[in-house]
Amino acid sequence: MTAPLETTGKTAEAPPEVTLQGAGKKAIEGRSLGQIAWSRLRRDRVALAGGFIIIFLIIVAIAAPLVVKLLGHPPNEFHYEKVDANTSLPIGPLGGVSWDFLFGVEPINGRDLFSRVVYGAQVSLLIAFLATLLSVLLGTIMGVISGYFGGWVDAVISRLMDIFLAFPLLLFALALVGAMPDEVLGLRGYWLRVAIIVFVIGFFNWPYIGRIVRGQTLSLREREFVDAARSLGARSPYILAKELLPNLAAPILVYSTLLIPTNILFEAALSFLGVGVPAPTATWGGMLNTATKWYQVDPWFMFPPGLAIFITVLAFNLFGDGLRDALDPRGR
Amino acid sequence: MRVTAIAAGLAFAMSLSACGSGGGDDGDGGGGDNATPKYNAGVNNVFNPSDKKGGTLKFANDSDFDSLDPGDTYYGYSWNFVRNYARSLVTFKSAPGAKSNELVPDLAESLGKPSTDAKTWTYKLREGIKYEDGTPVKSEDVKYAIARSLDKDVLVNGPTYFNDFLDLKGYAGPYKDKDKTMKKFTAIETPDDRTLIFHLIKPFSGFDYLAMLPSTAPVPAAKDTGTKYKEHVISTGPYKFEKNELGKQFTMVRNDQYDPKTDPDTGRKALPDRIEVQLNVNQADIDQRLQSGALDVAISGVGVQAETRAKILNDPQLKQFADSADQARTWFTSFDNSVKPFDNIHCRKAVMYAVDKEGLLRAYGGSSGGQIATNMMPPLVPGSKKIDLYEAKDKPNGDIDKAKQELQECGQPNGFTTNISYRAEREAEKATAEALQQSLDKVGIKTELKAYPQSDYGKLYAGKKDFSTKNKLGLRVYGWGSDWPDGFGFLSQITDSRVIRDAGNTNFNVNDPEIDAMIDKALGELDEKAREPIWVDIDKKVMENAYYLPTVWARQLLYRPERLTNVFITDAYNMYDYTTLGVQ
């Protein structure tokens, strides 16, 4: 627009790539993709904050027994003395918050909300990571095969993806969890349920990542370095593993980071609908489900699990966005 | 059992009150000046008595009736409401508290006259009773109404008591028989237009309770449209259908053919000119509208939701409009004796001693949700007695020492593992299962919780014998409400081994020939005073053998908006009486 001066001003602050290449003699040679990305990520404070929160959450989840031992009570232990016997509500302000019970207590049985949120992190993160891993594995394999070989293989896999994408996932999960027998492949109770949830979320989400990988592969396989490898006599497995996969690493990594929060929400939704991890194990979604019934008289009950989900999902999304910007600035 | 209309997730809505209908209020019953709002003013008392007619009485239902057809309904609130348009042979008296347990003649001139062996019962209809179109009611119509209700393929919802007790000789109802004159239906004789003679297959001293069932309300054979009859039931009561949009709402207006002179005993008041019922309304919305006065009665009678309950009890302004109603309902947990080690009575007793009875009460909302149950029959059932064999009074938090001793005798000194099942939608049952798990853990009994959908809980899961055995559901959380206020109405369906089927059970566990024999003895006993102790003995036997772990005798909190008149809780239905209410 009519601001030539400002425009000039902006050009003066050259884009980072230019600066990097121009200044510093060492910078010109031998910077790997990872180094470039890291230097970009380092300057994205929002993404870094997200990353730190994620690391913090992972540490808390792993060290849950220790954290709870220091700051709380066993997550399934009842504290009737903290609850009014007639109204079932926590005694004291803010849902019974005190130095002893940092986030207050649950109505009816007085379980420590702090401990339950901390243990809930274990379940949420475990399921989200495992499910994401499953989707990424399946999606990458199918996507690469589909994109690289093309033809009827591509047609079959692409239609398969369409079918999966059209699948009413939530309904399927509800039905599957309801119809599951008591014991499958030696798994029972809690672990069986975790396995089912991981399977449902992971197995039905692979086409999203599969499509991205397929698209990337389609364009990569026409590139000169692939032609060169092929003319030197490389076979398909070698090309797939050594030429294509490293170039696919960036989009896969970015997409995984963005898939994790979706999966956390999905697990919460399943628990919210009552088909998640069985009681009395604490999960964020399950706690939120119970809390909604009490919002009129004990609104504080909603905050700990609700905020936990909110912060975690936000952190993963911010970090994922930053990572994408760092790895692929043109992909915005 | 009369099914309570508890929608999914609403299980908490079970109730409230510091003192409940049994105790507290020293009301002098009816009359007097009882028009100042006060907590529990509608318990054992007529609150705001009035004879003023007119106005519109507004009901709302959080779900839908199973059917409006009197021959096809099993909800308690429906049996209460149906009396506005259908008159059965006898009915419960419209009176506050325990006075409502009395059966009084409605269509009939008097209660049934039994033969000495209690196998033949005779009723005589009153003179001058007419349908809404002016045609007189004949005994043949009552016979037809009962005949059609026998056919559970067409009218699926109602109870099966007539199928069980009438001497049917293979008769399957007028829809299958295709003969509207019912020649083959010899179990009921109609020698003239006003007399009905019932022939039973076995003695049944409490037959008047069957004559109370809504399915005895007359249906003219010519007007019967089978499953469509519910769209326009031909009224004999004070109101008739004006407009009926199934699943949405219906309205009723006065039935000018109803003559109060033919109805001297029941206590119907018929005050409002109009009745409106809205269906499938959100329960939270109903609670709000009751408090704002936009609605008069929550028809399902299960009381307000848990959170509304806490809100009302915390606010004196709201609390004065609330009544706490005791229920003829027991929440309990059933053992499965086919799951080891519960085949051993000592392991069952170990559980009975170990559980924290106070904690289990908290699962249902504490004292506002009921009281600790020591035995199966709730105090509201006339003649019932408290039988405290497992120290509920002395050690309400459980007796760990006794429990360990029993475990020793059972040969499981270090405890064992088992499963606890509950109905997934019911928060209170989930809380019960969690509380059981906590207390049993203290004596080394490790448990896993299993949630199953409530709609199929009896048919496919806990109430299916081989499923329960295979999945080792040692403890099954459940509950039971009385069909009518006497021992048979409460105990028969949960203790008689002859009602046990492969699936869809209500009796989950009791298979004891001694108890069966005692039930037969009670059925043949015509003297009420002699009959009641037999039911108490059966209850005691159940407790001695530790077949069930009773947890809570239920209570719930009802809200009575300011403009309602003649409000009181009837023990027969454990909710407000729907035939006496008026509006200011």
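Me: What makes the crossing of helix 14 of chain B and helix 16 of chain B left-handed?

Reply: Helix 14 of chain B passes helix 16 of chain B in a left-handed crossing. The word applies because the near helix is turned anticlockwise from the far one by less than a right angle; clockwise would be right-handed. Helices (H or I, at least four residues) and strands (E, at least two) are DSSP runs, numbered from the N terminus. The model is predicted: local features need pLDDT of at least 70 and side-chain atom pairs count only at pLDDT 80 or more, while totals for chains, interfaces and linings use all residues. Residues are numbered from 1 along each chain as its sequence is written, and chains are lettered from A and ligands numbered from 1 in the order in which they are written.

Me: At what angle do helix 14 and helix 16 of chain B cross, and which residues make the contact?

Reply: Helix 14 covers residues 487-495 and helix 16 covers residues 528-544; their axes come within 10 Å and cross at roughly 35°. Axes are lines fitted to C-alpha atoms, for helices over the stretch in contact, and angles run from 0 to 180 degrees between N-to-C directions. Helix 14 of chain B contributes B:Gly487, B:Leu491 and B:Thr495, and helix 16 of chain B contributes B:Glu532, B:Trp535, B:Ile538, B:Asp539 and B:Val542. Two residues are in contact if their C-beta atoms, placed from the backbone, lie within 7 Å. By class there are four nonpolar, two polar and two charged residues here. Ala, Val, Leu, Ile, Met, Phe, Trp, Tyr, Cys and Pro count as nonpolar, Asp, Glu, Lys and Arg as charged, and the others, Gly among them, as polar.

Me: Why is helix 7 of chain A called roughly parallel to helix 14 of chain A?

Reply: Helix 7 (residues 113-149) and helix 14 (residues 303-327) of chain A pack at an angle of about 30°, with their axes 10 Å apart. Roughly parallel means under 35 degrees (over 145 is roughly antiparallel, 65 to 115 roughly perpendicular, the rest oblique), so helix 7 of chain A counts as roughly parallel to helix 14 of chain A. Their crossing is right-handed. Helix 7 of chain A brings A:Leu113, A:Val117, A:Gly120 and A:Ala121 to the contact, and helix 14 of chain A brings A:Pro304, A:Pro305 and A:Ala308. These divide into six nonpolar, one polar and no charged.

Me: How do you know that chain B is as compact as a globular protein of its length?

Reply: Chain B has 16 helices and 21 strands. Its radius of gyration is 24 Å, close to the 25 Å from the globule rule for 584 residues, so chain B is as compact as a globular protein of that length. The radius is taken over C-alpha atoms, and the rule is 2.2 Å times the number of residues to the power 0.38. The C-alpha trace of chain B spans about 75 × 60 × 40 Å along its principal axes.

Me: Why is B:Asn44 called buried, and why is B:Val154 called partly exposed?

Reply: Buried means 20 or more other C-beta atoms within 10 Å of the residue's own, exposed means 12 or fewer, and partly exposed lies in between; C-beta atoms are placed from the backbone. B:Asn44 has 24, so it is buried. B:Val154 has 16, so it is partly exposed. B:Asn44 sits in the segment before strand 1 (56-60) of chain B, and B:Val154 in the loop between helix 2 (139-149) and helix 3 (161-165) of chain B. Not counting residues up to four places away in sequence, B:Val154 touches B:Tyr175, B:Gly226 and B:Thr227. Buried residues are 57% of the 584 in chain B and 36% of the 332 in chain A.

Me: What is noted about the phi of B:Asn44 and of B:Ala118?

Reply: B:Asn44 has a positive phi of about 60° although it is not a glycine. Phi of B:Ala118 is near 60°, again a positive value in a residue other than glycine. B:Ala118 lies in the loop between strand 4 (113-114) and strand 5 (120-124) of chain B. With 19 C-beta neighbours inside 10 Å, B:Ala118 is partly exposed.

Me: Which part of chain B supplies the largest share of the side that touches chain A?

Reply: 29 residues of chain B are in contact with 20 residues of chain A. Helix 12 of chain B gives the largest share of the chain B side, eight residues. That side has 13 nonpolar, nine polar and seven charged residues.
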